[in-house]
Amino acid sequence: MNGLRSLFLSAACLLALTLAAQPAEFRPGEEWPDTNGEHINAHGGAVLFHEGVYYWYGENRPDRGFTTEVGVEVYSSTDLYRWKDEGVALAVSAEEGSPIEKGCIMERPKVVYNPKTRQFVMLFHLELKGRGYEAARVGFAVSDSPTGPFRFLRSLRPNAGRWPVEFKRADVRCAEKQNPADYKDWWTPEWRTAIEKGMFTARDRKGGQMSRDMTVYVDDDGKAYHIFSSEDNLTLHLAELTDDFLDYTGRYTRIAPGGQNEAPTVFKRNGMYWLITSGCTGWAPNQARMFCAPSLWGPWKQLPSPFEGEGAERTFGGQGTYVLKVPGHTDGFVFMADVWNPSHLRRSRHIWLPIAFRADGTPFIPWRDRWTLEDLK
Ligand code: GAL
């Protein structure tokens with residue numbers, strides 16, 4: 001009898017533990033166990049909704065160190081709360097000299113579905129092995145299945161040989177005249193003006209523009225855009241992708257020149273585009289920034305950070321990575337962020353918060369300890 005009772009008790013305990021490990025609610029900033037009980041190892045990531053299933057792609061980070069040893073991990077879910085580890089979507093290569101050789105750095109992967117080619121396309125920030133963050137490239141990979149395996153296609157610096165769409169002939173001449181060698185010190189008023197005029201755009205034009213922190217946005221008309229920190233993380237670029245999402249059309253615009261924006265996230269509501277970014281302080285949190293524009297091509301207007309309440313000045317310890325539009329909810333937008341833990345990157349926590357809107361349409365994001373999708377209604 002005793003044996004039976006203890007068996008029953010342990011089964012009940014196990015059930016309670018399993019349920020506790022997979023709560024049907026969001027708990028921003030806490031450990032987020034997957035269906036195996038392991039903290040979700042998908043950082044700097046994004047969620048794709050495809051045929052009734054959500055896929056969460058992100059950086060598979062080691063417990064120690066800063067390089068990519070495994071690749072991009074993918075999880076699946078039907079409710080956004082409980083996530084099943086589907087394994088490695090894009091694996092690092094064992095081949096020496098490969099751009100994605102084990103020990104490279106793969107960051108901020110974003111996957112979009114292309115209905116024309118029926119392919120899942122992944123763009124990610126790629127740094128080459130042993131070269132720190134100097135390569136500043138974007139990687140492209142494709143797969144026929146959302147869980148992969150993705151096939152690495154190539155890496156590059158975007159828009160080689162091109163000028164931003166807003167540059168008239170006089171702007172090009174002016175940018176070409178700016179010479180980085182004339183500015184020994186950064187951050188002087190003269191240097192700032194030269195940056196605004198496109199000194200680094202001109203510097204990098206031949207080989208392509210630098211591309212670090214990034215996101216991909218697919219607009220209602222099916223066109224896709226790559227938005228990334230360029231020009232030594234000083235200026236964001238928004239670049240139009242070709243119809244197959246595998247290349248650039250050559251059309252791009254600069255956003256907030258010299259503004260030092262990272263971690264871009266984009267969404268659209270009632271015809272207005274919103275861009276939430278962070279400042280550039282590495283793994284340390286800082287105050288988010290927000291911009292809005294009636295078109296992706298601008299003009300982008302800067303507004304105060306949307307975060308509110310205690311800890312808002314440091315984005316509650318997080319740095320944005322994606323805004324998920326939740327299907328079935330007109331106003332269901334979720335801000336996804338990482339709370340980086342540089343001594344154990346794998347353990348970096350996730351902050352997911354619903355975006356609220358004022359009567360005039362301006363987004364704001366207060367902290368919540370707990371919330372559910374019901375709160376989006
Ligand atoms: C952050 C960036 C991360 C990662 C990190 C490296 O600013 O957002 O994605 O690159 O720097 O220090």
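The largest pocket has a volume of about 700 Å³. The model in which it is found is predicted.

**The largest pocket**

- Its lining is made up of 27 residues, and those nearest the centre are Y217, V218, D219, Y322 and K325.
- Five strands each supply at least two residues of this lining: β1 (43-50), β5 (105-114), β9 (214-218), β13 (262-269) and β18 (319-325).
- In terms of residue class, the lining of the largest pocket comprises 18 nonpolar, three polar and six charged residues.

**The second largest pocket**

- This pocket is lined by 16 residues, with E107, Y133, D213, E262 and G282 nearest its centre.
- Its lining contains seven charged, five polar and four nonpolar residues.

**The chain as a whole**

- The protein chain contains four helices and 22 strands.
- Its radius of gyration is 21 Å, close to the 21 Å given by the globule rule for 377 residues, so the chain is as compact as a globular protein of that length.
- Along the principal axes, the C-alpha atoms of the protein chain fill a box of roughly 90 × 55 × 45 Å.
- Buried residues make up 54% of the 377 residues in the protein chain.
- Among contacts in the protein chain with a separation of 6 or more, 51% are between residues 24 or more positions apart.
- The accessible surface of the protein chain is about 16,800 Å², and carbon and sulfur atoms account for 51% of that surface.

**The cavities**

- Two cavities of 30 Å³ or more are present in the structure.
- The largest cavity has a volume of about 80 Å³, and its lining consists of P23, E25, F26, R27, E30, E31, W32 and P33.
- By class, that lining has four nonpolar and four charged residues, with no polar residues.
- The second largest cavity holds about 40 Å³ of space.
- Residues lining the second largest cavity include W56, T321, M336, D338, H350 and W352.
- Strands β1, β19 (333-339) and β20 (349-354) each supply at least two residues of the lining of the second largest cavity.
- The lining of the second largest cavity divides into six nonpolar residues, four polar residues and one charged residue.

Conventions:
Residues numbered from 1 in each chain as written. Predicted model: local features only at pLDDT ≥ 70, side-chain atom pairs only at ≥ 80, totals over all residues. Heavy atoms only, no water. 1 Å grid on protein atoms, 1.4 Å probe; cavity = no way out; pocket = protein on both sides within 12 Å on 5 of 7 lines; lining within 4 Å. Points joined across faces, edges and corners; volume = space filled by probe spheres on them. Nonpolar A, V, L, I, M, F, W, Y, C, P; charged D, E, K, R; others polar. Rg over C-alpha atoms; globule rule 2.2 N^0.38 Å. Buried < 20%, exposed > 50% of the residue type's maximum accessible area, 1.4 Å probe, protein only. Contact = heavy atoms within 4.5 Å. Areas by Shrake-Rupley, 256 points an atom, 1.4 Å probe, with all protein chains shown as cover.
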